[in-house]
Amino acid sequence: MINVKFYLDKADKSKRFPIHLVLRQKDFQIKVATGEKILKKDWDNTNQLVKDSDYSHKSINKFLNFLKQEVEKYFETEPHSNFTDKKIKEKIASLVSSRRENTDINIVSEPPTEYQTKSKVTFVDLFAGAGGFSEGFLQAEYGDKYYDFRLASDINENCELTHLARYNYQLGLDAEFLRQDITEPDFLDNFLKKIGDKEIDIVCGGPPCQSFSLAGKRKKFDKKDDLFAHYLKVIRQLRPKYFVMENVKGILTKEQGKIKEMILQEIRSIVDLKEFNQLIFFVSQLKKSEIKDLFILECYNLRLQFEKSTDKELDNLKNTYIHNLENKFRLLTPKIVNYKTSKTDKNISTIRHGFNLLKRVKELEYIRKKVINEKAFSNLDNDFFADNFDDFLTSIEPENIIEKIHISFNNLKPNDIYIEEVNQIITALEIFDYSFDECVKGLNSFVVKANREREFETILSKIRLYNIEKPFVALASNYGVPQNRERVLFIGCRKDQKLINDVPSTVNHNDKVNVFEAIYDLDFIGNNDERFDYEKINLKAQYNGSTEKMKSLIKKRNIDGKPNENDGLSYSEWSKKGRLNGRFVNAKNPFYVKNFEELENALTHLVAPLQNHKTSKQNEDVIKRLNVILKSGNYESAKSNLKEIGLESDKRSYTVLKPEGQSSTIMTIADDYIHYSNPRALTVREMARLQSFDDSFVFQGKRSTGGNKRKFEVPQFTLVGNAVPPLMARAVALEILKNIQ
């Protein structure tokens with residue numbers, strides 16, 4: 001049994017005593033400096049601790065304890081042949097020097113000299129999560145262009161912790177982070193304050209999309225459903241050259257494709273306010289040649305004014321719009337009903353009260369948001385409450401209010417001579433709720449009648465700020481990611497930029513990165529184990545009889561996954577080396593912290609070459625169950641066997657990884673996956689490899705969570721599972737750099 005102790009060596013000139021670690025076994029004794037120095041009065045030799053009289057006692061004790069555990073683990077797991085003075089000293093010295101490098105280096109945000117003559121393309125990352133988009137964008141360079149990261153935003157504190165640790169503390173960037181709900185009224189103001197006077201070229205982000213994911217049951221009125229609208233509010237304000245919105249494939253088919261079309265319509269409805277007066281003038285010109293439907297044209301004219309109004313102006317305009325319709329209805333009422341009916345009829349009351357509601361759409365939107373949040377907080381779904389909440393939310397939507405007014409008019413059965421006036425009010429109400437794109441379609445008949453189509457199209461080409469043909473499905477494995485993750489990308493291109501309709505694959509079908517080459521070199525960990533350093537893998541010992549077959553799965557590649565046998569690196573080598581470019585030569589070593597308090601104190605950072613490589617503690621029954629599933633090849637074929645031996649599980653699914661193929665979409669629960677060669681779940685680091693994160697990217701805070709906490713907490717496994725694969729983001733970023741002007 002190895003004996004690990006600490007002692008104080010001789011004092012230096014400042015009378016501080018270096019703390020040394022000493023290893024004693026019957027046949028040898030090794031002493032190694034820890035790099036820490038304290039006053040003699042602050043050392044408790046009996047308990048082997050620094051006393052709390054030293055202001056750094058917590059951080060030093062944490063480090064000493066980490067060193068002791070790592071040395072003891074080394075002697076438990078390493079072959080006896082490795083127990084040489086040199087190897088043991090190297091092991092301890094590497095941990096000590098890594099920590100010293102991190103605390104000594106003072107990184108500045110300015111890149112190396114060669115980058116100072118290159119062009120910066122600025123970007124921000126909304127719904128940033130761990131930072132998959134950010135990581136991929138920072139990896140991309142083209143010609144003399146590279147990306148300048150300005151700000152990320154998310155609502156969860158562990159997203160912020162991971163962001164600050166990676167981009168501010170480790171890489172030395174001055175990127176800001178805004179932790180706030182994008183739907184809050186002052187979000188945009190706070191966002192703009194953080195950016196300052198910087199012009200933003202690119203906005204990227206993936207609004208949370210669980211509510212319309214194909215992977216799970218869909219919810220009506222999920223609070224995440226309208227986040228894309230708030231994303232577009234940021235776009236309208238920043239006017240970036242390009243924006244990228246990522247989502248699940250299910251968004252293409254939700255509501256029979258209506259959601260996709262609505263998103264495209266909203267993107268096309270973003271107008272260039274600098275050119276907008278041309279359209280207002282054009283519509284006013286149309287009015288001169290229109291006699292029959294002059295009232296409807298005036299409604300279009302007023303509705304178009306909404307696009308260029310501030311919030312306060314918009315409230316006044318909407319009130320004016322509805323007030324005009326109220327006046328028209330007031331004059332119409334005595335023509336279609338008698339006095340008594342006008343005072344007592346439910347249909348008349350519905351029309352009048354509907355106007356009142358439409359004048360208060362802002363207040364109703366606030367109520368809607370509050371109710372949706374409450375519904376989510378109380379987890380109202382698949383119960384006797386959900387339908388009532390949904391019915392109420394439906395009832396206060398403008399579209400539903402207008403529909404009820406329409407029905408009430410029909411119920412009144414007005415005389416034929418007044419039908420045209422009734423139809424004008426109904427059409428005007430529909431225009432009130434139109435998007436800009438719907439207004440354009442509605443105006444088209446007036447334009448054709450006036451024979452001014454070409455002029456109209458010319459104005460629209462100047463008015464529409466963004467071009468987009470359609471979203472496209474991007475498969476992560478086409479970009480060097482060892483995972484068949486499909487994501488839908490909407491790329492909006494400002495009218496002065498080239499249109500991007502696709503992102504070309506970087507690897508063909510036969511050359512895709514496989515699971516084995518992604519994680520084989522991490523397969524040295526056991527049950528309830530944690531490792532902080534790499535170990536050499538003996539493929540011959542592990543795969544006796546199939547060594548050559550397994551070796552053949554490993555290819556030399558470029559960063560993007562394209563095979564390159566001459567001067568490429570394997571996927572695992574890229575993961576260790578890192579895919580970030582030469583801007584970050586002074587980056588600090590990978591480190592882990594539990595919280596913001598530890599982040600702010602560099603001495604408490606747990607610095608080690610390998611992070612996030614920890615397995616769960618699984619009991620014997622779980623290990624046996626996983627072993628049966630692993631040998632069967634999949635969960636379905638194992639179920640009967642599991643039932644026979646009394647190891648059946650209520651768990652919905654397990655996925656056995658196939659070494660020669662790609663993983664399925666990495667989710668947020670590690671226990672869903674079984675390692676291809678061992679009956680165990682994956683570590684955070686292995687999942688991160690399957691997502692294409694570099695090993696130097698450390699996921700901070702809690703490792704996992706469960707139960708109701710999953711609604712509010714974003715631990716490491718969730719950060720990994722929800723992320724955009726960086727290599728896929730890199731391909732998108734590179735395509736933009738190739739086209740941006």
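## Lys512 and its surroundings

Leaving aside its neighbours within four places in sequence, Lys512 is in contact with Leu475, Ser477, Asn478, Asn484, Val507, Glu517, Arg557 and Gln662. The model described here is a predicted one, and in it Lys512 is found in the loop between strand E14 and helix H19, the latter spanning residues 515–519.

Two of these contacts are polar ones between side chains: the side chain of Lys512 meets that of Ser477 at 3.0 Å, and a further polar contact, of 3.2 Å, links the side chains of Lys512 and Asn478. Although Lys512 is buried, no salt bridge is formed by this residue, and the nearest side chain of opposite charge, that of Glu486, is 8.9 Å away.

## Gln483, a buried loop residue

Gln483 lies in the loop that runs between strand E13 (472–475) and strand E14 (486–494). Its relative accessible area is 0%, so Gln483 is buried, the cut-off for that being under 20%.

When neighbours within four places in sequence are set aside, the residues in contact with Gln483 include Ala476 and Ser477, as well as Gln662, Ser663, Ser664, Thr665 and Ile666, together with Leu690, Gln691 and Pro725. Ser477 and Gln662 are also among the contacts of Lys512.

## Gln305 in helix H9

Gln305 is found in helix H9, which covers residues 294–305. With a relative accessibility of 19%, Gln305 counts as buried because the cut-off is under 20%.

Apart from neighbours within four places in sequence, Gln305 is in contact with Ile280 and Leu317. Gln305 and Phe276, which are 29 residues apart in sequence, have their C-alpha atoms 9.3 Å apart in space.

## Aromatic pairs and cluster

The count of aromatic pairs comes to 29. In one of them, the rings of Tyr231 and Phe243 have centres 6.2 Å apart and planes at 70°, so the pair is edge-to-face. Because Tyr231 lies in helix H6 (residues 227–238) and Phe243 in strand E11 (residues 242–248), this pair ties together parts that are 12 residues apart in sequence. Tyr231 is buried, with a relative accessible area of 0%, and Phe243 is likewise buried at 0%.

The rings of Phe693 and Phe697 have their centres 4.8 Å apart and their planes at 50°, so this pair is tilted. Phe693 counts as buried at 0% relative accessibility, as does Phe697 at 0%. Both belong to one aromatic cluster, whose members also include Phe123, Phe133, Phe137, Tyr147, Phe149, Tyr167 and Phe699.

## Charges over rings

Lys328 lies over the face of Phe295, at 4.4 Å from the ring centre, while the charged end of Arg579 sits over the ring of Tyr571, 4.8 Å from its centre.

How values were computed:
Residues numbered from 1 in each chain as written. Predicted model: local features only at pLDDT ≥ 70, side-chain atom pairs only at ≥ 80, totals over all residues. Heavy atoms only, no water. Helix = DSSP H or I, 4+ residues; strand = E, 2+ residues; numbered from the N terminus. Buried < 20%, exposed > 50% of the residue type's maximum accessible area, 1.4 Å probe, protein only. Contact = heavy atoms within 4.5 Å. Lys, Arg positive; Asp, Glu negative; His and termini not counted. Salt bridge = Lys/Arg side-chain N within 4 Å of Asp/Glu carboxyl O. Polar contact = N/O pair within 3.5 Å; in protein donor to acceptor, adjacent residues only side chain to side chain. Phe/Tyr/Trp six-rings, centres within 6.5 Å; stacked < 30°, edge-to-face > 60°. Lys NZ or Arg CZ within 6 Å of the ring centre and 35° of its normal.
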